[in-house]
Amino acid sequence: MQSILSVKNLNVSLEDNKILEDISFSLEAGESMAVIGPNGSGKTVLLKSLLDLIPYSGQVKWAKNVKIGYVPQKIDADRHLPITLLDLLEAKMRTLHLVQSDCREVCRIIGLTANALKTPVGHLSGGQFQKGLIALALLGNPGVLLLDEPTASLDQSSEEHIYELIYRLQEQYRLTIIIVSHDLSMVYQHVDKVLCLNKEGLCFGDPHDVLDPKMLKKLFGTSFEYYHHAHKTK
Amino acid sequence: MQITPELYSVVLALAVALAAGLVGSFALMKRMSLAGDVISHVALPGLGIAFLIHANPLIGGGIALFLGTLLIWQLQKSSTLSTETAIGVIFVASVAIGTLLTPEEDLIEALFGGFAPLDTMGFLLGLGAVIVIVSFILSFRDELILALFSPELAATSGINVNRLNLQYLLVFSLTILAALQFLGALLVGALLIVPAAIGRQLTHTLGAFLITSAAASVLSVGLGLLTSHLHHLALGPTIVSIASLLFVLSLLKKKK
């Protein structure tokens, strides 16, 4: 299989603080990877450096002509602005010179109703809003989806619904997925690889091989006791 | 109908109001009301120097605005508390230095603007500025929306967010410059903020928001021109008072 992303010796410093130190990993097309780690471990910074949005040293090498969709952890604007999901989708559609049918297709795949599209984003439920963000990321037909804690503000049932949607998309469209998450159940059940991050990369590989109690305690601290015994269900 | 310098001034004031309503809508969405107010106040030292040396005040104000815009753009790139502090300092320093520099007889005009007849050249320059502003907003509306919603999402859509921010700030400053003669350095920021606040209060979609903000701005300036003419009131404060009244009325409509 062809490597779609190769990261070697990635270092990021912001205002003289080392945020990421000597991170290396690689992903093949169609694979999924979770990035886990405690708060402040550099997960979002890693995504931003993969998107070339912040200065870094080392190598981030994407396959040629790869298109990336990004689902942000939070939005910068006030959610209670008079903007509907349709306004946002159409803005991206016109920016990328797509046609209406592309937008309709993405909404159908995600399961966004006409009613949800016409609703101001501040009035959407957390799950619908998150679906809207995923639809925005999918416009333009990306081969890679980067998701920064897509279920951070959701209740458990919405969370499961969003994870199911993400992994259904991955299987149907052979998307490569990089997802930042705190949810270890999801990591064990759904992803091919995990990157444990605490400024430096503490582990990388199949979650069932690398995520043992010792590693989890090293990553999250001595009080951490979660350990998953189930076999991979994917 | 005979074209008079007074008519030029009325038409330009209404055209500038339209531009300010559109630009102000994005300023509100970008949460840059404070930065916008600072930019308008930065014009004051430039106006003061121009009055002192008997130059065209708009040239002095324009140079000061351009420098202020670059300064705010640099400060915006980092979003730390010290940035806000710096913006606060620039705000008060501009008003203080500008007030000291401006000759006393010109101070009220510099601070609160007024109604003055326009020659053809002044009218055409003003109209040119309005065309640039409105064209920019209509052409870059989609990029602006994506960038204010999530700069990262905008970047993955191929938008150069940093360059777009600078372009928007320059257009913002051009709007302030065009409206400066009518509202003055102290009140011009209100024409960018209050109509947009009305639009936000009354609408649910982006298109309706932009149209309502622009309409509220044109209505405020139109009623302001009429009221100040009929009752011999200062133009800038009359426009801002009417806009504020419309905002209070808009609060009566409860948002669903």
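Tutor: The account below begins with the strand, follows the chain onward, and then turns to the partner chain and the contact.

The model is predicted, and the predictor gives the complex an ipTM of 0.83 and a pTM of 0.86.

The burial concerns both faces of S6(A). On one side lie Val144(A), Leu146(A) and Asp148(A), and on the other Leu145(A) and Leu147(A), each of them buried.

S6(A) pairs with two strands of chain A. One is S5(A), residues 68-71, which runs parallel to S6(A) over 4 bridges; within this pairing, Leu146(A) is the bridge partner of Tyr70(A). The other is S7(A), residues 176-180, again in the parallel sense, over 5 bridges. Here Leu145(A) has Ile177(A) as its bridge partner. Between S6(A) and S7(A) the chain passes through helix H6(A), residues 156-173, and this β-α-β crossover is right-handed.

The loop between S6 and H6 of chain A holds Glu149(A). Although Glu149(A) is not a glycine, its phi is positive, at about 45°. A residue is partly exposed when its count falls between the limits for exposed (12 or fewer) and buried (20 or more); Glu149(A) has 19 other C-beta atoms within 10 Å and is therefore partly exposed.

A loop residue of chain B may be set beside this one. His232(B) lies in the loop between H9 and H10 of chain B, the latter helix covering 235-251. Phi of His232(B) is also positive, near 55°, in a residue other than glycine. His232(B) has 7 other C-beta atoms within 10 Å and is exposed.

Just after H1(B), Arg31(B) takes a positive phi of about 50°. H2(B), residues 33-52, has 20 residues and reaches 30 Å from its first C-alpha to its last, close to the 28 Å expected at 1.5 Å a residue. Of the 20 residues of H2(B), 17 are buried, so this helix is largely enclosed by the rest of the structure. Just after H2(B) comes His54(B), with a positive phi of about 60°.

Chain B as a whole has a mean pLDDT of 89, and 95% of its residues reach 70 or more. Among its elements, H4(B), residues 81-101, has the lowest mean pLDDT, 80, whereas H9(B), residues 206-231, has the highest, 96.

The two chains meet in a contact that takes 24 residues from chain A and 23 residues from chain B. On the side of chain B that touches chain A, the elements that give two or more residues are H6 (120-149), H7 (151-156) and H9 of chain B. H6(B) gives the most, with 6 residues. The residues of that side divide into 12 nonpolar, 6 polar and 5 charged.

How values were computed
Residues numbered from 1 in each chain as written. Chains lettered and ligands numbered in written order. Predicted model: local features only at pLDDT ≥ 70, side-chain atom pairs only at ≥ 80, totals over all residues. Pairing = 2+ DSSP bridges. Right-handed = clockwise from strand over helix to strand, strands pointing away. Expected span 1.5 Å × (residues − 1). pLDDT = per-residue confidence, 0-100. Contact = placed C-beta atoms within 7 Å. Nonpolar A, V, L, I, M, F, W, Y, C, P; charged D, E, K, R; others polar.
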